[in-house]
Amino acid sequence: TAEREVRQGAVSLESIHVEDVGILLRGEDMSNKKDLIEHDVSGPRAGLALTDCVFMCSRDGVTFSRFNEAFLSCGTEEENNWVYGDNYLAYNMIDSGRDTYYMYSMDNRRSYESDKPLYRYEIRKDGFACYMSGGEEKILVTKPLVFDGKDLHLNFSTSAFGYIYVDVLSEEGEKISEESFEIFGNIVDRKISFADGSSFERFAGEPVRLRFRMRDAKLFSLK
């Protein structure tokens with residue numbers, strides 16, 4: 001199987017769990033793509049459409065948010081792709097056993113006689129969306145949240161140049177904790193420690209905000 005890279009868009013901070021997401025097939029009218037239509041001799045079901053995938057998610061399984069940017073496209077243009085039915089994903093995702101999910105799709109739909117390569121796409125767990133900062137430091141403050149438990153864990157990635165720091169604010173925005181130690185690396189589950197050695201457990205059960213100070217970093221989820 002060949003592998004393609006899955007693009008990770010900066011659309012949300014919150015963790016989006018796999019059971020609450022969908023990869024929606026989107027068709028595009030090809031009536032104005034005359035050269036592609038004339039070249040397409042794959043058969044009567046070819047249709048006048050291209051297919052790519054967009055991302056959508058839901059918190060309750062009823063109401064979904066859909067993003068218009070392509071989540072997966074047909075890839076580099078070759079002789080038998082970029083046609084109706086390309087990039088048609090298999091149902092569901094497979095746990096790779098190493099902190100990622102696999103998704104599968106076939107290509108070369110233009111020709112019924114040619115081989116149909118199977119592509120495997122790989123994405124980190126909770127990696128469908130992220131809050132992303134570039135080379136200049138950015139500040140992210142969450143909405144008020146209430147949690148139970150003892151520790152704060154992050155799913156994130158940074159460059160060697162990048163970093164993340166986090167501290168806790170009251171619901172009104174006043175600082176009520178010391179800042180964490182510098183956070184850097186690339187991991188789906190990192191327990192966060194505060195510089196003064198205090199426990200995150202002391203904030204359980206009350207509304208707080210988290211403030212993240214980030215540079216060249218992606219924050220995928222927290223728990």
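F156 touches R124, I164, I183, F184, G185, N186, I187, R190, K218, L219 and F220, not counting residues up to four places away in sequence; a contact here means heavy atoms within 4.5 Å. The residue is found in strand β11, where helices (H or I, at least four residues) and strands (E, at least two) are DSSP runs numbered from the N terminus. F156 is buried, with a relative accessible area of 0%. Buried stands for under 20% relative accessible area, exposed for over 50%, and partly exposed for values in between, with a 1.4 Å probe and protein chains only. One of the contacts of F156, N186, lies 30 residues apart from F156 along the chain, yet their C-alpha atoms are separated by 5.9 Å.

This is a predicted model, in which local features need pLDDT of at least 70, side-chain atom pairs count only at pLDDT 80 or more, and totals for chains, interfaces and linings use all residues. Residues are numbered from 1 along each chain as its sequence is written, and side-chain values use heavy atoms, with hydrogens and water left out.

T158 also lies in strand β11. With a relative accessible area of 16%, T158 is buried. Leaving aside neighbours within four places in sequence, T158 is in contact with Y163, I164, I183, F184, G185, D216 and A217. In a regular strand, the side chains alternate between the two faces of the sheet.

β11 is mostly covered, since 14 of its 18 residues are buried. Two strands are said to pair if DSSP finds at least two bridges between them. β11 pairs with strand β12 (residues 186-191) in the antiparallel sense over four bridges, and K191 of β12 is the bridge partner of H153. The pairing of β11 with β13 is likewise antiparallel and runs over 13 bridges; there, L154 has L222 of β13 as its bridge partner.

Which residues touch the most other members of the largest nonpolar core? A nonpolar core is a set of buried Ala, Val, Leu, Ile, Met, Phe, Trp, Tyr and Cys residues joined through side-chain atoms within 4.5 Å. The largest one has 19 residues, and L154, F200 and F212 touch the most other members. The elements that give two or more residues to this core are β11 (153-170) and β13 (208-222). β13 gives the most, with six residues. As for F200, this residue touches F147, K150, D151, L152, V168, F194 and L210, not counting residues up to four places away in sequence. A second, separate core of 13 residues includes C53, F71, L89 and Y119.

Of its 223 residues, 39% count as buried. Among contacts with a separation of 6 or more, 68% are between residues 24 or more positions apart.

Finally, the confidence of the model should be noted. pLDDT is the predictor's confidence in each residue, from 0 to 100. The protein averages a pLDDT of 79, and 75% of the residues score at least 70. Over residues 1-19, pLDDT stays under 50, and the model has 66 contacts beyond four places in sequence for this stretch.
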